[in-house]
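Here is a friendly walk through one protein model, from its pocket to its charged pairs. Have a look at it first, then read on.

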Amino acid sequence: MVDVNGNFHPVVAAFKRAMVMIWLMLAGFSPAFAENAPDMNALFAQLAQTEGEGWRIAESDILREWSRSGSASMDLLLRRGEEALDAGDPVSAIGHLTALTDHAPDFAAGFQARAAAYAMRGDYGPAAADLARALELEPRHFGALTQLGGMLEEMGDQPRARVAYRASLDIHPHQQEAIDGVARLDAALAGTGI
């Protein structure tokens, strides 16, 4: 139904909006999520600030944004995978996270989390491949870079581990794990142990 000005009747317009919202939800998108998505560039700029405490808020907002796939079922798989990791069960974590990466191949958090599960089992090849995919999807993924640094350090590749830690700190200069990693490797590469 169209009025004399060519506009849809308000009931018809509301119905069309509702149908679009339903279609988006069925497709795995949350309209509220899309409308409220933060400005990631601004968050990363705030994260890189060396003074003040605003970086803590930015870090929290970035991590929260990265944990949202846009699909409740995919977010649930991520949570289950992370819970299995926290419980020290990499096999279950890999199962949940493989289901996630199969169904959400453009969701960096799934690959980063599965890399942690593979690394927990000592499967560094698959872990490195997953970290590469996570960084391909989100080049600013400081967690993946720090994780890569830790894995390379554990494998004895100190120079490349230091590069990964430094790249992570270039994005997020407040990460204690990466700061400690660089200090440890600087001392080791200089020939003095900590």
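For sorting residues, Ala, Val, Leu, Ile, Met, Phe, Trp, Tyr, Cys and Pro count as nonpolar, Asp, Glu, Lys and Arg as charged, and the others, Gly among them, as polar. This is a predicted model, where local features need pLDDT of at least 70 and side-chain atom pairs count only at pLDDT 80 or more, while totals for chains, interfaces and linings use all residues. Residues are numbered from 1 along each chain as its sequence is written, and side-chain values use heavy atoms, with hydrogens and water left out.

Let's start with the pocket. A pocket here is an open set of points on a 1 Å grid over the protein atoms alone, where a 1.4 Å probe fits, with protein on both sides within 12 Å along at least five of seven lines; lining residues have an atom within 4 Å of a point. The largest pocket holds about 520 Å³ of space, a volume being the space filled by probe spheres set on the points. Its lining has 24 residues, and Q112, A116, G143, Q147 and E177 lie nearest the centre. Sorted by type, the lining of the largest pocket has 12 nonpolar, nine polar and three charged residues. Helix α9 gives the most, with seven residues. (Helices are DSSP runs of H or I, at least four residues, numbered from the N terminus.)

Now for the charges. Side chains of opposite charge can pair when their charged atoms come close. A salt bridge means a side-chain nitrogen of Lys or Arg within 4 Å of a carboxyl oxygen of Asp or Glu, and the count comes to 12. Here are some of them:

| Pair | Closest N and O atoms |
|---|---|
| E65 and R68 | 3.7 Å |
| D106 and R133 | 3.1 Å |
| D130 and R114 | 2.6 Å |

The D130–R114 pair links distant parts of the chain, with D130 in helix α8 and R114 in helix α7, 16 residues apart. Both D130 and R114 are buried, which is to say under 20% relative accessible area, with exposed over 50% and partly exposed in between (1.4 Å probe, protein chains only). D106, by contrast, is exposed at 60%, and R133 is partly exposed at 21%. D106, R133 and E136 are linked in a network of salt bridges.

Definitions and conventions: Helices (H or I, at least four residues) and strands (E, at least two) are DSSP runs, numbered from the N terminus.
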